[in-house]
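Please look over the sequence and the model shown here before reading on, and keep both at hand while the text moves from the whole chain to single residues.

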Amino acid sequence: MSSNSFAYSEQSGGGEATELGQEATSTISPSGAFGLFSSDLKKNEDLKQMLESNKDSAKLDAMKRIVGMIAKGKNASELFPAVVKNVASKNIEIKKLVYVYLVRYAEEQQDLALLSISTFQRALKDPNQLIRASALRVLSSIRVPIIVPIMMLAIKEASADLSPYVRKNAAHAIQKLYSLDPEQKEMLIEVIEKLLKDKSTLVAGSVVMAFEEVCPDRIDLIHKNYRKLCNLLVDVEEWGQVVIIHMLTRYARTQFVSPWKEEDGLEDDEKNFYDSDDDQKEKTDKRKKSYTMDPDHRLLIRNTKPLLQSRNAAVVMAVAQLYWHISPKSEVGIISKSLVRLLRSNREVQYIVLQNIATMSIQRKGMFEPYLKSFYVRSTDPTMIKTLKLEILTNLANEANISTLLREFQTYVKSQDKEFAAATIQTIGRCATNISEVTDTCLNGLVCLLSNRDEIVVAESVVVIKKLLQMQPAQHGEIIKHMAKLLDSITVPVARASILWLIGENCERVPKIAPDVLRKMAKGFTSEDDLVKLQILNLGAKLYLTNSKQTKLLTQYILNLGKYDQNYDIRDRTRFIRQLIVPNEKSGALSKYAKKIFLAQKPAPLLESPFKDRDHFQLGTLSHTLNTKATGYLELSNWPEVAPDPSVRNVEVIELAKEWTPAGKAKKENPAKKFYSESEEEEDSSDSSSDSDSESGSASGEQEEEGDSSDDSSEDSSSEHKSDSESASEVGNKRTAKRNSKSKRKRDSEDGENENEKSKTSDSSNADSSSIEDSSSDSESESESESESESRKVTKEKENKTKQNINPLIKDVSLLDLDDFNPVSTPVALPTPALSPSLIADLEGLNLSTTSSVITVSTPVFVPVKTHVLLHRMSGKGLAAHYFFPRQPCIFGDKMVSVQITLNNTTDRKIENIHVGGKRLPVGMQMHVFNTIESLEPEGSITVSMGIDFCDSTQTASFQLCTKDDCFNVNIQPPVGELLLPVAMSEKDFKKEQGMLTGMNETSTVIIAAPQNFTPSVILQKVVNVANVGVVPSGQDHIHRFAAKTVHSGSLMLVTVELKEGSTAQLIINTEKTVIGSVLLRELKPVLSQG
């Protein structure tokens, strides 16, 4: 029904008639609705007539329009009978489009599709591989049980097809057939086993997906194909890589012993791990047998490493989870940099990656510590991302970086996002419990927050303080007194209940305050929340037992109120308490122990990470994200105690030995150990060169292997040969793109590493050690890591000596006073305290005002439609180009100015291959060009977007606009007003920023004009026409303020127009960019002066 209504709504407009059936336009009657409906019928009639035509050109045109309808989401199901007649067409192009249509509608129109089943079966023998594959896709889309045997036969034939594209479609059809008839499982497994032996990278991903769907428990099918899948992995398409990596992760957990055993034995003595020398090795050997990694295990880890550079986030995440679950703990660190890189992606990718990092950071803090700044919260982050980053920062907190983190948290508490501010306060509480040295500092900071104006902040602070005080209640009587006073102002039930609980627990330490609090609470008992009422009852009971003289009557009054409360929980609690604390003849034996029951020592709450229990799910899976087992989730098995027989992965070479190179032959014929040594030698030779060389080397190796496999099938058809060449070119393109993206990432990482020299050093040393480990034997890599760890130890000892020479500060005033804890005995990474005494004095206190500075980019007030000539039609031989500035943030980069170019073809011929040629840009300037326009029709027009980083200057961007035949030199020079982005800020913030930009940063001039030109609307119109600035609200009628920031550097540009007596005004511009400021002043002055 929904599809019919959809069709009705789509077809009821006359606009579509012109688009889809042009001959029908002449029949549109202007006489109301009946004309529309009749034209609608005519439109489809027109297409049906074209499909029944004798001319192939008419049929082809009709099919193109029908497929166009499907692509736009329009319903074309009623054309099924007319389309299906053409399934036997001899024209290849028509046949392809018919199959595209049938794949879409075969399931809906099963009866009609069944009529053409003999045609599909004939098409399975077609010489064109695309037709064979399409026929199989249509056949598997007809979901009728009666044709299961036909589908089964078709899949078996297709799995032996010479074309890898057809074999790939056979793998896809296996899953469809299995969902239609699970009883075919055994026969399908035979086909899967056959396809798993396929050497084509095109087939590998699809058949592993079919394996995972049909028989994920049949690990024995993988044994013989394991090494082949590892070697093909780099060249498989991206989604195939994800599937294969997940499958191989599960395989590795069942076939290899744990690489963590030896490290677990040394975990209790970390120093021994770093200082391990020959003596230590001997001791370890005595304690237990030395671990030797299986060569196949190493092969998997080594072959997935290059995929950490993939442009696809899912592939990087898959490799990361593989390293986390199966690699030695000393090698897992390599994934951290790649995961941090993914945080530049969109928010959905960030969310998944951060969830996985949160789980990892609980067990392995050291992995992500060098990238601490990457997890700082940005104002533009959504709340879900903010809370995840907070979680990670909490997990990474230690004595060395807690000072920096608490200063960061202080800023977060001021956030306008109240949910995030509350989460930050909980985070401060967790840091206080995890790091005992800063507990008092955090507590003092949280107490300062109690005077905040925001009730949610105060309430959350109360709850966290309550938990912290449970750890050391005897020392904080003053804080409890302070919180008791807050009961008059706090209205949040959880906070009120927490204060009452604290007073009840410590009623003997505040004997004067507790009875008075009970008196106040008794007054408003009936209007309180249920949670608060329960705590009032508890407080009354505790005071009755410790101070019955003052509170006996009050408690009885509260118990009487509770006895008739509407909530049955409160009535129940009241009866229980009365029987327990007020002795009478009915009282049981428990009443004598009432004091011990109510005032028992309560254990302090354990503030744990919500991600603590997620590690039993495989990282990167839906189950891990939801923290619950999802349908279809395959659990990772535990490592086997004894490794299964590795010889099952050896492949017997019979006739194919002739095709392999000598090294490959040696690999296959020798046992596993020999295989590993040979592969290691190859790896040495490739890894000794640069990264790109090794990557191209392995790629060429794969090409040779593919070439050999294609030589094997000497009786290939011409279509098969064509597809192989196409796939080869496709692989070549993929590799080129991979190298380009890799070099780009290298530049990005270099920029990022300049910030912190210490992390840079550790990163480079990690990279060195990992590359050495890959290119050399295990013993060489071990000795390398030993020497590295020794040098690290020397550095640590020096840092510790420096640390001891520093006198600890003894001030405790705020959350930021972070050096009042004594130096800890464990080695600390930072040699000096993070905050100086002067900085502590500057940042003292946590009194947060509600008028915190908020400066954000806003939407443009006005977008001028003025265009500039880029290329005149006379100069461009008929090609004309104009450009204008849309004043929108550029999609190609934060520092780029968005430019829209309109291209017009004023000739009577088609202009082809319009693109940007050579660029002549000043130093530092960058340009993101538009994609090549294949052709522009006569009198045609097209608008494209470009991004140019002008580096906050009005220098000209020169480049060539080229066509197929000519190149024309063109220039784009930006008006200074287009180098700005408008910002929204308050008048107070404007004055504050203006106060900081005086002296050399201020330029001004006097303007003389008629009084009618100084009205607010005229000034606004003139200023925003010249410059892309935002309006700042002003409390004074004679002062008009505008604010913006430069696109490249983000420097503020503050414009003030102050009206004086008579017909004069003063124009003032404050900015760090004095050159742009003076140019803008020169442009604004004549505009404001003229009438």
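The model is a predicted one, and its chain has a secondary structure that comes to 46 helices and 16 strands. Of the 1091 residues of the chain, 47% count as buried. When contacts between residues at least 6 apart in sequence are considered, 68% of them join residues at least 24 apart.

In soluble globular proteins, nonpolar side chains tend to be buried together. In this chain the largest nonpolar core has 194 residues, and those with the most contacts inside it are I66, Y101, L102, L339 and F375. The largest share of this core, 11 residues, is supplied by helix 20, which spans residues 313–326.

An α-helix has 3.6 residues a turn, so residues three or four places apart point the same way. In helix 29, which runs over residues 477–485, the buried residues are I479, I480, M483 and A484. These four lie on the same side of helix 29, because the arc they cover around the axis is only 140 degrees. On the other side of helix 29, E478 and K485 are exposed. The cover over the buried residues of helix 29 includes helix 27 (439–449), helix 28 (455–469), helix 30 (493–505) and helix 31 (513–523).

The strands come next. Strands of a sheet pair through backbone hydrogen bonds, either parallel or antiparallel. Five strands of this model form an open sheet in the order 2-3-4-8-6, and the pairing in this sheet is antiparallel. Its edge strands are strand 2 (868–871) and strand 6 (926–928), each of which pairs on one side only. On average, and with direction ignored, neighbouring strands of this sheet are turned by 30 degrees against each other. Within the sheet, strand 4 (residues 897–905) and strand 8 (residues 941–949) run antiparallel and are joined by eight bridges, and V899 stands opposite M946 in strand 8.

Is T907 buried or exposed? With a relative accessible area of 13%, T907 is buried, since the cut-off for that term is under 20%. Leaving aside neighbours within four places in sequence, T907 is in contact with K877, G878, P938 and E939. T907 and A880 are 27 residues apart in sequence, while their C-alpha atoms are 9.9 Å apart in space.

Another pair of strands is formed by strand 9 (residues 957–962) and strand 10, which run antiparallel and are joined by six bridges. A hairpin of four residues links strand 9 to strand 10, and A957 stands opposite I972 in strand 10. In a regular strand the side chains alternate between the two faces of the sheet. Strand 10 (residues 967–972) has a covered face made up of F968, V970 and I972, and an uncovered face made up of C967, N969 and N971.

The structure holds one disulfide, and C962 and C967 form it, with their sulfur atoms 2.4 Å apart. The link of C962 and C967 is right-handed, with 110 degrees about the S-S bond. C442, by contrast, is in no disulfide, and the nearest cysteine sulfur, that of C431, is 6.5 Å away. C442 is buried, with a relative accessible area of 0%, and C507 also counts as buried, at 5% relative accessibility.

Terms used. Residues numbered from 1 in each chain as written. Predicted model: local features only at pLDDT ≥ 70, side-chain atom pairs only at ≥ 80, totals over all residues. Heavy atoms only, no water. Core = buried A, V, L, I, M, F, W, Y, C linked by side-chain atoms within 4.5 Å. Buried < 20%, exposed > 50% of the residue type's maximum accessible area, 1.4 Å probe, protein only. Helix = DSSP H or I, 4+ residues; strand = E, 2+ residues; numbered from the N terminus. Pairing = 2+ DSSP bridges. Arc of directions from axis to C-beta. Contact = heavy atoms within 4.5 Å. Disulfide = S-S within 2.5 Å. Axes fitted to C-alpha atoms, helices over the stretch in contact; angles between N-to-C directions.
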